[in-house]
Amino acid sequence: MAAVGPPQQQVRMAHQQVWAALEVALRVPCLYIIDAIFNSYPDSSQSRFCIVLQIFLRLLGIFVSSIVLILSQRSLFKFYMYSSAFLLAATSVLVNYYAALHIDFYGGYNTSAFGIELLPRKGPSLWMAVIVLQLTFGIGYITLLQIHSIYSQLIILDLLVPVIGLITELPLHIRETLVFTSSLILTLNTVLVLAVKLKWFYYSTRYVYLLVRHMYRIYGLQLLMEDTWKRIRFPDILRVFWLTRVTAQATVLMYILRMANETDSFFISWDDFWDLICNLIISGCDSTLTVLGMSAVISSVAHYLGLGILAFIGSTEEDDRRLGFVAPVLFFILALQTGLSGLRPEERLIRLSRNMCLLLTAVLHFIHGMTDPVLMSLSASHVSSFRRHFPVLFVSACLFILPVLLSYVLWHHYALNTWLFAVTAFCVELCLKVIVSLTVYTLFMIDGYYNVLWEKLDDYVYYVRSTGSIIEFIFGVVMFGNGAYTMMFESGSKIRAFMMCLHAYFNIYLQAKNGWKTFMNRRTAVKKINSLPEIKGSHLQEIDDVCAICYHEFTTSARITPCNHYFHALCLRKWLYIQDTCPMCHQKVYNEDDIKDNSNVSNNNGFIAPNENPEEPIREAAAESDRELNEDDSTDCDDDVQRERNGMIQHTGTAAEELNDDTD
């Protein structure tokens with residue numbers, strides 16, 4: 001079989017995109033029906049039976065619309081084919097009824113502008129138009145229902161019989177009989193076709209039910225819902241629903257403005273334009289479905305914004321592409337938390353603007369999370385290209401300036417309240433994050449510029465990041481207090497209480513737990529290093545070797561492990577953050593008893609206990625090291641350890657970055 005060329009692939013992809021767009025368009029009316037049902041309420045002044053009947057019809061409409069919404073593509077197209085056929089049949093019956101009983105064919109004339117009669121009396125242009133309509137309806141009916149037998153001709157003849165009665169000027173009661181008979185025959189044929197298709201409907205429903213039950217038993221409810229969400233392209237449906245709804249409302253409002261201003265111009269004043277935008281925004285979030293539609297639109301905007309920023313800063317991380325998911329979820333949670341769709345129009349506009357300010361600060365925080373790894377990677381890898389550094393620094397500068405401008409504008413126009421306090425706290429926290437990132441970036445750039453081992457670099461980075469983490473923790477506690485005040489005295493709700501519990505767990509408890517764990521790990525690593533002997537001064541010349549972690553010579557000091565391997569204290573401390581074994585032979589570097597009984601061991605300052613001869617252990621360690629260097633490396637390290645050592649050599653440039661990520 002010949003391979004499919006690029007033009008054929010493009011045609012096939014275009015064909016699939018067209019079918020996908022058509023499928024989305026066919027599912028959108030279901031959302032319109034559900035939204036209309038939710039926004040309508042039964043009349044309480046009616047009888048109880050009428051109210052119960054209305055509730056039943058509402059539930060039935062929601063159920064049928066939901067079923068049609070999740071149908072497969074083939075079943076969806078068949079449903080619309082049959083629905084269109086039934087609609088054509090009903091329209092044909094109405095046209096025959098109206099033409100036979102309500103149109104005066106004898107008074108129908110077609111005249112020109114000068115009053116000249118162009119067509120003969122009895123108005124043949126009218127019944128000719130009716131014949132064309134009935135032929136169109138009949139052909140469409142038999143085509144959609146796929147009727148290929150002689151019955152198709154009889155159906156078309158059945159639709160034309162009332163028109164023939166009009167042409168032949170039959171009495172009125174006979175024409176009424178012909179219309180009724182034609183309608184009855186068409187109805188019976190429709191019911192017959194529906195009964196024949198009922199078997200297909202039963203087997204299709206049973207197949208879908210068995211498939212759903214099978215997927216539920218194997219994958220669970222969550223994966224089943226995710227599969228349905230992706231299969232029917234629900235975000236695209238919500239976007240099309242919201243955009244078409246807003247477009248229709250904008251068209252109606254524009255027409256009303258033109259009629260009120262008595263003008264034919266499509267241009268309106270700025271005041272009218274602003275009122276139009278406000279009305280569209282208010283009506284665009286007046287129900288749960290419209291809030292979901294607005295969330296879908298925000299998702300699309302945030303997704304392409306995130307892709308643009310990633311391309312600008314040169315990041316390839318897949319986890320950073322989640323902005324299109326985080327932004328709409330946060331917006332929908334804020335809408336539910338504040339009861340956005342249930343507010344009055346004026347309050348809804350104010351609440352929506354406040355929610356958008358909170359969403360903007362959250363998006364800026366997420367963008368900072370995207371740029372920070374790239375910034376650290378560039379500084380730790382010592383990339384000197386200005387074109388590579390400028391985009392990340394530019395985005396970081398924008399992340400510092402935008403919160404400042406937002407806070408200034410809000411404080412200039414609004415009085416202090418809990419909402420303004422929350423937005424300001426988020427802005428200040430973001431500015432501090434940017435300052436911390438730029439400070440760490442500067443430290444790494446200074447380290448790369450001087451090209452000298454900076455033993456205190458890791459400590460400075462840890463101090464800067466720890467300070468930033470402590471400030472973030474304080475802001476988390478303050479925001480929890482602000483939320484508690486809002487819930488108790490302003491607008492308490494179950495959703496707000498639930499979100500406060502999540503905030504307390506993730507942003508306060510886990511952050512404090514991880515920070516304490518990091519502090520203890522560093523403290524333990526320092527104890528491990530202090531428990532090892534240290535060589536300084538002229539004794540370093542006796543070590544004819546380099547550090548096995550960074551491959552640099554020993555210039556100031558070296559630490560000796562119990563297995564007689566030499567390392568820089570800084571390099572070994574970074575290694576001990578991860579695991580407790582020697583990088584060379586995987587033996588334990590220390591024991592707990594060694595740390596507790598550490599009175600006769602040298603520390604980082606070179607102090608040695610007076611009861612110990614400093615020359616003897618150094619000479620023994622140096623002699624032991626020389627013997628090991630003269631032996632075959634295969635007696636000390638297996639192949640896996642050697643490969644690990646080579647891997648560490650290759651990643652020397654990014655050791656500081658990995659350490660910062662681990663301690664963070």
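Helix 7 and helix 9 pack at about 110°, and their axes lie 8 Å apart. Axes here are lines fitted to C-alpha atoms, for helices over the stretch in contact, with angles from 0 to 180 degrees between N-to-C directions. Helix 7 is therefore roughly perpendicular to helix 9. Angles of 65 to 115 degrees count as roughly perpendicular, under 35 as roughly parallel, over 145 as roughly antiparallel, and the rest as oblique. On the helix 7 side, the contact residues include Pro235, Phe241 and Trp242. On the helix 9 side, they include Leu289, Met294 and Val297. Contact means heavy atoms within 4.5 Å.

This is a predicted model, in which local features need pLDDT of at least 70, side-chain atom pairs count only at pLDDT 80 or more, and totals for chains, interfaces and linings use all residues. Residues are numbered from 1 along each chain as its sequence is written, and side-chain values use heavy atoms, with hydrogens and water left out.

**Overall make-up**

The protein has 20 helices and three strands. These are DSSP runs numbered from the N terminus: helices are H or I with at least four residues, strands are E with at least two. Of its 664 residues, 37% are buried. Buried means under 20% relative accessible area, exposed over 50%, and partly exposed in between, with a 1.4 Å probe and protein chains only. Among contacts with a separation of 6 or more, 69% join residues 24 or more positions apart.

**Helix pairs**

A second pair is helix 10 with helix 15 (residues 494–530). Ile333, Leu336, Gln337 and Thr338 of helix 10 meet Ile495, Arg496 and Met499 of helix 15.

| Helix pair | Angle | Axis distance |
|---|---|---|
| Helix 7 and helix 9 | about 110° | 8 Å |
| Helix 10 and helix 15 | roughly 130° | within 7 Å |

Helix 10 also holds Leu330. Leu330 is partly exposed, at 26% relative accessibility. Leaving aside residues up to four places away in sequence, Leu330 touches Leu359 and Ala362. Val363 is 33 residues from Leu330 along the chain, and their C-alpha atoms are 9.6 Å apart.

**Helix 8**

Leu276, Cys278, Leu280, Ile282 and Ser283 are its buried residues. Their cover includes helix 7 (234–261), helix 9 (288–313) and helix 11 (345–380).

**Cores**

The largest nonpolar core has 44 residues. Such a core is a set of buried Ala, Val, Leu, Ile, Met, Phe, Trp, Tyr and Cys residues joined through side-chain atoms within 4.5 Å. Met294, Ile313, Phe331, Ile367 and Val440 touch the most other members. Helices supplying at least two residues each include helix 7, helix 8, helix 9 and helix 10. Helix 11 gives the most, with 11 residues. A second, separate core of 26 residues includes Ala558, Phe567, Cys582 and Val589.

**Aromatic rings**

There are 14 aromatic pairs. Rings of Phe, Tyr and Trp (its six-membered ring) pair if their centres lie within 6.5 Å; planes under 30 degrees apart are stacked, over 60 edge-to-face, and the rest tilted. Tyr505 and Phe506 form an edge-to-face pair, 5.0 Å centre to centre with 85° between the planes. Tyr505 is partly exposed at 41% relative accessibility, and Phe506 is partly exposed at 46% relative accessible area. Phe312, Phe386, Phe390 and Phe394 form one aromatic cluster.
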